[in-house]
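Please open the model in your viewer and keep a selection panel at hand.

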Amino acid sequence: MSDFKRIIAKRKRQDFIFNIVGIMCTLVGIVTLGALLTDLLMDGLTRLNWTFLTSFPSRFAARAGILSSWVGTLLIMLVTALTAVPLGVSAGIYLEEYARKNWVTNLIEINIANLAGVPSIIYGLMALGLLVYQFKLGQSVLTGGLTLAFLILPIVIVATREALRTIPQGIREAAYALGSSKWQVVRHHLLPYSLGGTMTGIIIALSRAIGETAPLITIGALTFIAFLPPLPVTTQPPFLSIEWLWSPFSVLPIQMFNWVSRPDQDFVVNAAGAGLVLIVVTLLLNAIAILIRYRVRKRIKW
Amino acid sequence: MKEIPALEHPVAAAADLGMGSPSGNAPSVTKRLSYIKERFIEVLLFLAAFSSVAITVGIVGTLLYESASFFAYVSLKEFLTGTLWTPLFASPRFGILPLITGTLVTTVVALVVALPIGTVVAIYLSEFAPSSVREIVKPALELLSAVPTVVYGYFALQFMSPLLQKLFPGLPTFNMLSAGVVMGIMIIPYVSSLSEDAMRAVPMSLREGAYAMGANRIITALKVVYPAALSGIVASYILAISRAIGETMIVAIAAGMQPNLTLDPREPAATITAFIVQVSLGDLPHGSIGYQSIFAAGVTLFIMTLIFNILGYILRKRFREVY
Amino acid sequence: MSASLEIGIASLTQMTISDQHAQPQVSSEVAEAGQKTVGSPKIKAEVEGLNFFYGKLQALKNINMGFNANQVTAIIGPSGCGKSTLLRCFNRIHDLYPETRYEGKIILQPSGINLIGPETDPLEMRMRMSMVFQKPNAFPKSVFDNVAFGLRLRGVAGKELKDQVEQSLRSAALWDEVKDRLRESAYTLSGGQQQRLCIARALATEPEILLFDEPTSALDPIATAKIENLIFDLKREVTVVIVTHNMQQAARVSDFTAFMYLGELIELAPTKVMFENPAIKLTEEYITGHFG
């Protein structure tokens, strides 16, 4: 009997110790995140003002700003979203709703799983060799946007498929029973019902694309750019212009990288300022995604 | 429910039957049209799905095409066994080993941080923490992987390096240790999130079996849940390895960019990825040997990650347990 | 079918209303039967005024009953009647889940310990009980390591461990089938073998009570027969409580049968009496298949 007591005491001690170790390990991540944010805030908050947001980069740290890079980020994201979302959602619909079990489908599935594991810089090399030089798209907003679109395509596809998969088979059967065609089922039922899950995936994918630096450096994005791309709206008919697609660009993370690798401490402060903007945007996007996921989960109970 | 318009085309679903419609009516034009439309949409969707294959073909094709020119100039033997990597010097040397050791050392440092911590966090969240704690901590940890890597690079150089210099006097500002440690912290959620998912998928009946024998939480977790979830856990480890090998900005910023054949994490060194970034920052003429060398480096990187992806696939198959 | 079900439920509602606070009908033969049994007339566990709650939902209502040592007590009743809930009180498995609560006592003899008392350690109770679950839940380990699991927890090692594993596998009538594949994964065994492995694992730690929670519901008839024979033989070594929704099984293996409905104990009697001449109409209706 006392044997039992001794063993039980030992087991409880083990559990207690692991509980502490577990909490400490969990805290490593949380504390780092906190330290990172504090570090950025302490270094960069002083630089965050209107002038910083509306100035071009400069040789003088105090005058330099992030205007061209946040505009670049915005334009790149536009191209990325317009490419990756229709392509990824369509691919997800095909694989989940249309694809038959055959070797082509298998090939596509294995391929997507593999693409998700390819380092982002490899996408940059592909874009450099293929888009920049073979297709002669140049080191442009278009090339950059497409590169990141390819990069996040697997994420969008997987998110779409997962969202579709949560819709019970009964919904499809009910729609078919009403005489809907396959596309009508997809268009009128599956897409609206899976919208929440798909949106979450898309937002997370875009937030990842915003922070991507390496592939854009590889295709030759500029680090110093003192002009803005042409406006998409013009005064002459047809009032829309796609000139900006061919414009050279810089993006926020590249601007930050450029500043952080300078020995001059004043530029490091600028880097922290750019980092703050970057991290606020990505965390905001992630918060939105979490919120949508939470609301979808609350709203829909199959 | 404005989806009801489906009723307007009650024949659409039967359209697959085509001409041989049992109704015996003359083949209706709308029927044919809607059939064509359905087929057209399916083809479009297929093309979208197939575009992912095109991307892979583009990646492999470009890497092979560009590095073929490189290997026409540099022998494979020099590439794999040479110990100097100076492709941009006047008398260039093309031994990739220094870049590989740089990649391996930063990866190992990152894994030493990420695998144990990530695993402990997964066990803690899945088997110990109350669900209220888990609901908050899990998304918070996932934010770690949402932070842009360039910000981590900044953090490694401006925060981790000075911190580690206090622990290891004489540590240079640029070193693989700081970069690796920060990279490891970034990877923690990859390990903890996926491993936790795998562990939570283990049926409750297995845990009940262990608890009914008188096991405590940690024994149940380590002896029953962990082995039962091994396939998913190993998959998360492999993902972490693959991420660490391919990570670029942290090492490019904080590990220094000089190729350095060393296994000492306290030294600065370039990884394969950092080298590609460094070359890309300059303005190399298309078709020069320097330009081609980043593709040769890229092929090496691609093969390394591919090996781990395949390894992960095999391990997952082998460890797959049937509950 | 549905008509008889409605009748059953109607009569049952009456029953529960009228009998709400009455003590469950415990046949007077219970005690006598116990005394008639040669050798072990002792009571192993007594349940006194047991209530159990999942959050606000009361799953067990004022259960009072005894379990004889070295006999098999079967608990029967339709799904959701609380029979598994009652069984799972014995090894405090409920403690693993939040918002569960016990009231009352389960006194374990001869130690007199109240195994659901707040002062009692669930870990200790689980070390003194063993449970075999509905579906075989062998661990992802070798056959040997499965049986050795509980022994190792108790610090058994070396030759002693080997001997006890073999002994348990023999008791579970599995030794001859697995003696050459002790190092293989338990998942290479058939479903019936896995369930006997779980029985061996449960026996190995020499429990005071062996709890069976519908142990054959996932098995084919042949495997079921083997396990039923095993349960019948096991009572020489240990007190057995078995939950089952299969009345023939209860009739075949048990000495006493308890019938539960909607969280209450309706009747407890020697199995023969229960199935031939139940004292309560509801029991009779259930046994004759009029509902449930």
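Predicted model: local features only at pLDDT ≥ 70, side-chain atom pairs only at ≥ 80, totals over all residues.

Begin by selecting Val158(A), which sits in helix 6 (residues 141-165) of chain A, where helices (H or I, at least four residues) and strands (E, at least two) are DSSP runs numbered from the N terminus. Val158(A) counts as partly exposed because its relative accessibility is 39%; buried means under 20% relative accessible area, exposed over 50%, and partly exposed in between, with a 1.4 Å probe and protein chains only.

Residues are numbered from 1 along each chain as its sequence is written, chains are lettered from A and ligands numbered from 1 in the order in which they are written, and side-chain values use heavy atoms, with hydrogens and water left out.

Stay on helix 6 of chain A and select Thr147(A), which is found there too. Is Thr147(A) buried or exposed? Thr147(A) counts as buried, because its relative accessibility is 1%. Setting aside residues up to four places away in sequence, the residues that Thr147(A) touches are Tyr123(A), Gly124(A), Ala127(A), Leu131(A), Pro215(A) and Ile219(A), a contact being heavy atoms within 4.5 Å.

Next, select Lys136(A), in the loop between helix 5 (120-134) and helix 6 of chain A. The phi of Lys136(A) is near 55°, a positive value in a residue other than glycine. Most residues other than glycine have a negative phi, and most peptide bonds are trans. Lys136(A) counts as exposed, because its relative accessibility is 66%.

Move along chain A to helix 10 (residues 252-260), where 9 of the 9 residues are buried, so the helix is largely enclosed by the rest of the structure. Its buried residues include Leu252(A), Met256(A), Phe257(A) and Trp259(A), and also Gln255(A) and Asn258(A).

A cavity is a set of points, on a 1 Å grid over the protein atoms alone, where a 1.4 Å probe fits but cannot get out, and lining residues have an atom within 4 Å of a point. The second largest cavity has a volume of about 30 Å³, the volume being the space filled by probe spheres set on the points, which are joined across faces, edges and corners. To display its lining, select Ser68(A), Gly72(A), Ile225(A), Phe227(A), Leu228(A), Pro229(A), Pro248(A), Phe249(A) and Ser250(A).

Now colour chain B, whose secondary structure comes to 12 helices and 0 strands. Buried residues make up 56% of its 323 residues. Show chain A beside chain B, and 81 residues of chain B will be seen in contact with 83 residues of chain A. The area buried between these chains is about 7,200 Å², of which carbon and sulfur atoms give 75%; buried area is the accessible area (1.4 Å probe) that two parts lose on being put together, summed over both. Within chain B, select Leu45(B), Ile55(B) and Tyr154(B), which lose the most area to chain A, together 10% of what that side buries.

The contact between chain A and chain C involves 7 residues of chain A and 8 residues of chain C. Chain A and chain C bury about 750 Å² between them, 66% of it on carbon and sulfur atoms. On the chain A side, Phe4(A), Ile8(A) and Arg11(A) lose the most area to chain C, together 60% of what that side buries.

Finish in chain C, which has 12 helices and 11 strands, and in which 58% of the 292 residues count as buried. Select Pro110(C), in the loop between strand 5 (100-108) and strand 6 (113-114); the peptide bond from Gln109(C) to Pro110(C) is cis, with omega near 0°. The last stop is Leu262(C), placed in the loop between strand 10 (256-261) and strand 11 (264-270) of chain C. Leu262(C) has a positive phi of about 50° although it is not a glycine, and Leu262(C) counts as partly exposed, at 43% relative accessibility.

Methods. 1 Å grid on protein atoms, 1.4 Å probe; cavity = no way out; pocket = protein on both sides within 12 Å on 5 of 7 lines; lining within 4 Å.
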